[in-house]
Amino acid sequence: MVDYEIKEMLPKIFALKIEDGYQRAMLFMRSQEHYESAFSEIRGKHFDIFSFMEIYRKWKGLEHFSYPDDWGGFNVPGDIVESCTKHVLDARNGLFPTPYDYIMDSVISSIKSQIEPDTKYYLLGVDNFDGRTMDHELAHGLYHVNNEYKISAYELVLGLPKKIFEGMERILLDMGYCDDVVCDEIQAYMSTGLGSSMAAIKGIKKETKAFSDNFKKYQ
């Protein structure tokens, strides 16, 4: 059903290459939204997929569910992926799993066969193992599995001029990110490429060099 390839990009950072954008989004949707959904009734909760689809459609003000069109890359801590998948596949919890949940369960098994027990890992969903999307998601992975990188990137975020930080924060929240991941998202965009609305923030481009140089050291 989903044609994918798994690759360990850096130690403890695994990427799933799925060229079909719809399949990629549907495979990651449950764990990604559990991790950082903009909706309080979804974030941190084990939810029914179809309930989320309706919430998202109404939030977008559309007649169709546009999530696969809106999001191209995904990044989730391994323990979140495992928790979500285990919960929905346990019939006692009263949720109806989709075929994507069973596929993600196979992905988890494949990754865990390659690492030591209890190893902290990170899972990315990309369309290609190269390019800007891969770099962006890799920056998220580093932020979570490499404490040295996280500290250096976080310090750069804290050192941003207030107007730039607040401008980025406002854009990210409007895009559908939650408060909890703002710093992580800022460092990823600053390190690997700004969106068009972000690039329009006055003075932001000269601030990106320190982030990109830092990212390249660990990449």
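Guide: Helix 6 lies across strand 1, strand 2, strand 3 and strand 4, and runs at about 170° to strand 4. This is a predicted model in which local features need pLDDT of at least 70, side-chain atom pairs count only at pLDDT 80 or more, and totals for chains, interfaces and linings use all residues. Residues are numbered from 1 along each chain as its sequence is written, and side-chain values use heavy atoms, with hydrogens and water left out.

Visitor: Why are helix 6 and helix 7 called roughly perpendicular?

Guide: Helix 6 (residues 132-145) and helix 7 (residues 147-158) pack at about 110°, with axes 5 Å apart. Angles of 65 to 115 degrees count as roughly perpendicular (under 35 roughly parallel, over 145 roughly antiparallel, the rest oblique). Helix 6 and helix 7 are therefore roughly perpendicular.

Visitor: Which residues of helix 6 and helix 7 meet?

Guide: Ala139, Leu142, Tyr143 and Val145 of helix 6 meet Asn147, Tyr149, Lys150, Ala153 and Tyr154 of helix 7; contact means heavy atoms within 4.5 Å.

Visitor: What makes strand 1 and strand 3 edges of the sheet?

Guide: The open sheet has four strands in the order 1-2-4-3, with mixed pairing. Strand 1 (5-10) and strand 3 (74-77) each have a single partner strand, so one side of each is left without a neighbour in the sheet.

Visitor: How do you know that strand 1 and strand 2 pair?

Guide: Two strands pair if DSSP finds at least two bridges between them. Strand 1 and strand 2 (residues 13-17) have five bridges, in the antiparallel sense. In strand 2, lysine 17 is the bridge partner of glutamate 5.

Terms used. Axes fitted to C-alpha atoms, helices over the stretch in contact; angles between N-to-C directions. Helix = DSSP H or I, 4+ residues; strand = E, 2+ residues; numbered from the N terminus.
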